[in-house]
Amino acid sequence: MSPRRIPVDADAVGRREVPLRITVDGEPLDGIAGQTIAGVLLAAGRLAWRRGPSGAPRGVFCGIGVCFDCLVSVGDERDVRACRRRARDGDVITTQRRVGNGFNSPSEEEE
Amino acid sequence: MTLCRVHVAVVGAGPAGLAAAEAALRAGARVTLVDSAENPGGQYHRMLPDAYAAARPDQLQHGWRAFDRRRRRVLAHPRCTWCPETVVWALEHRFPEGELDSPGDPGPPRSSQAPRVHLLSGPPDGGARVRHVLDPDALVLAVGAHDRVLPFPGWELPGVFTAGAAQALAKGERVAVGDRVVVAGTGPFLLPVAVSLLEAGAGVLEVLEANTPATLARGWSRRAWELAALTGKAGELRAYVVDLARHRVPYRCGRAVVGARGEGRVEEVVSARLRADWSVVPGSERSTAVDALCVSHGFSPQLELPLAAGCALRDAASGRPADGERASAVDQFVVVDDDQRTTAPGVFAAGEITGIAGAPAARVEGTLAGWIAAGGDPAAPALRSVRRARDQGRAFARRLARAHPIGPAWPGWLSPGTVICRCEGTDYGALRRAVASPAGAAARVTKLATRAGLGPCQGRICGPTVAELTARLGNGPTVERPVAGLPPATPHHRPLAHPIRLGELAAPPQPPPQPDHPSHVPPTPTKETER
Ligand SMILES: Cc1cc2nc3c(=O)[nH]c(=O)nc-3n(C[C@H](O)[C@H](O)[C@H](O)COP(=O)(O)OP(=O)(O)OC[C@H]3O[C@@H](n4cnc5c(N)ncnc54)[C@H](O)[C@@H]3O)c2cc1C
Ligand code: FES
């Protein structure tokens, strides 16, 4: 299994769900208001979305903004920590990869 | 009359910072409370997002009601300015050396002044955050800690989380990380993490404590358990153990995860029995199919702001001052005196940055720090019990460290290809080659040769590990050769505590924030009765 959100009717804290939708590299993903971008990605079954210098996949590691493994671009803002940023309805997310020593934008690196 | 009041800035609104703010307000100060999160609470009282509109937030944590009352009292206080989603990215000495205390200068001595605090407000890593600058009379640093994780082959695979990440996802977002989860490492923190995972509907296969029963027993002597009772931790820990037993989750001591495997994500972990020094007992390895692994080998205090303020550190193990010349310094904490004063003028420290002892200890340190920072009477009778609790907290921290040490033989888990620095992908082999080079093992040389610590996290994750391995490989603590014009390198020295975008840096700072009381923090309802 992959990470999942506790179903709202089984959640002991009695929360509500206000749906939102973001796109990640063009693919629509459904989440709920209040989730971080990392939370939306994880709950949608995506464990990794960035690639390190060697091309190896990375996702959430520290979960609190320390390790920078979870970086994404939000609109035209690069290097946003997905575990810290709340998702907003309509956010356009692009994943990032590091090649060599530089940070390449997703468009630059498509061969 | 607000202008005449002492202005205390508190950085961090976890258990320590919130208590500091409350005590400073009680002592009559004007308080600016800053946290990078949207809500106070820190790691322990992590709040659910407002948008979840949770009807029963108390379900997730111990002591919620007391926390909730304190939060409302502080945030609604007319002398408190609450700055949520605000990060302190730098501290700056207001007067360069030499300009201090010029004769005939009226006003308070400049040398006693707290540093200038640089703030950025707005969504994390956003491009259009607003800059502010504070010039407080006193500064309380209560910025907490993050998980320390030792490397092992495969720890960089997706699906391997720090225990804190799993905790944050379960408590803060209601996301469970997996169905077949192993929780491993060392320390009592593994217990609440496993319990939170179970509460969130995840499956926990086992909890592995790397230290042997003998080490645990020696550390947690009977007296220590009494200490735990005094610091309010015993009941909480016992409840976690009962919960694990109810779910039939085994808690095994003397066993650790020494490897993780999988194609593109973690699929299997290899655990092994450990001796007291954390060397692997040959033939004791076994593999377990998992869909997530949560690891924690203790906590690293977030020291960039204390270092920027010029606070002296101490070595956790020896208790001796760490003057920054020992590049191997690993477990360092901020030195504080009996009043939680650091060695930097006007700067106080509380919570995990002074030692790891849990939320109750952080709270009493905060109370003391906030009161004294605000100019409260150090001899006030009410402080007597606070000081006693603080001393118990310190004793608890020592026991905790003794019961859950990191065994010196852990590098035996590493192979030459094991990733050490996650950001740069530096492996153990590269680090060994760099240390063996004639240029020596100085931290700067190792960094430049291997790029370890130069990636986006700036060594926050690998720093202590690289420092420790470098010291070992170089045969003992490496003394950094002084470089003219540069302060000695330490694993925590980062002039910018937080990334800032160039556009934000170029924008002029806005006037300091003023008290305003967001509608989502109503004053304490009178109906809510005290416990
Ligand atoms: C991820 C994680 C989860 C944890 N969960 C638990 C748990 O469930 N149970 C338990 O017993 N212990 C837990 N702990 C241990 C916990 O650290 C302590 O028990 C307690 O929270 C420490 O209190 P504190 O006030 O010292 O620090 P914290 O609670 O960590 O509070 C520090 C605060 O400072 C803020 N901050 C840090 N740097 C800056 C900056 N530059 N600018 C602005 N704000 C800043 C942070 O946002 C944070 O809110 C956890 C630790 C971690 C790392
Ligand atoms: S997971 Fe570590 S910074 Fe986001």
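Three strands of chain B make an open sheet, in the order β4-β5-β6, with antiparallel pairing. Strands here are DSSP E runs of at least two residues, helices are H or I runs of at least four, and both are numbered from the N terminus. Two strands pair if DSSP finds at least two bridges between them. At the edges sit β4 (86–92) and β6 (130–134) of chain B, each pairing on one side only. On average, neighbouring strands of this sheet are turned by 25° against each other, direction ignored. For that angle, axes are lines fitted to C-alpha atoms, for helices over the stretch in contact, and angles run from 0 to 180 degrees between N-to-C directions. Strand β5 of chain B, residues 116–121, pairs with β6(B) over five bridges, antiparallel. One pair to look at: B:Ser121 has B:Val130 in β6(B) as its bridge partner.

A word on ground rules. This is a predicted model, where local features need pLDDT of at least 70 and side-chain atom pairs count only at pLDDT 80 or more, while totals for chains, interfaces and linings use all residues. Residues are numbered from 1 along each chain as its sequence is written, chains are lettered from A and ligands numbered from 1 in the order written, and side-chain values use heavy atoms, with hydrogens and water left out.

Now chain A. Strand β6 (residues 71–74) pairs with β7(A) in the antiparallel sense, over three bridges. A:Val72 has A:Val80 as its bridge partner. The two strands form a hairpin with two residues between them, and A:Gly75 in the turn has a positive phi of about 60°.

Next, the interface. How many residues of chain A are in contact with chain B? The count is 45, against 64 residues of chain B, with contact meaning heavy atoms within 4.5 Å. About 4,500 Å² is buried between the chains, and carbon and sulfur atoms give 54% of that. Buried area is the accessible area (1.4 Å probe) that two parts lose on being put together, summed over both.

The rule finds five salt bridges across this interface, each a side-chain nitrogen of Lys or Arg within 4 Å of a carboxyl oxygen of Asp or Glu. One of them joins B:Asp125 and A:Arg81, at 2.8 Å, N to O. On the side of chain A that touches chain B, β1 (4–5), α1 (37–43), β5 (57–59) and β7 (77–81) each supply at least two residues. β7(A) gives the largest share, five residues.

Last, strand pairing between chains. β1(A) and β10 of chain B (residues 175–176) pair antiparallel over two bridges. There, A:Arg5 has B:Val175 as its bridge partner.
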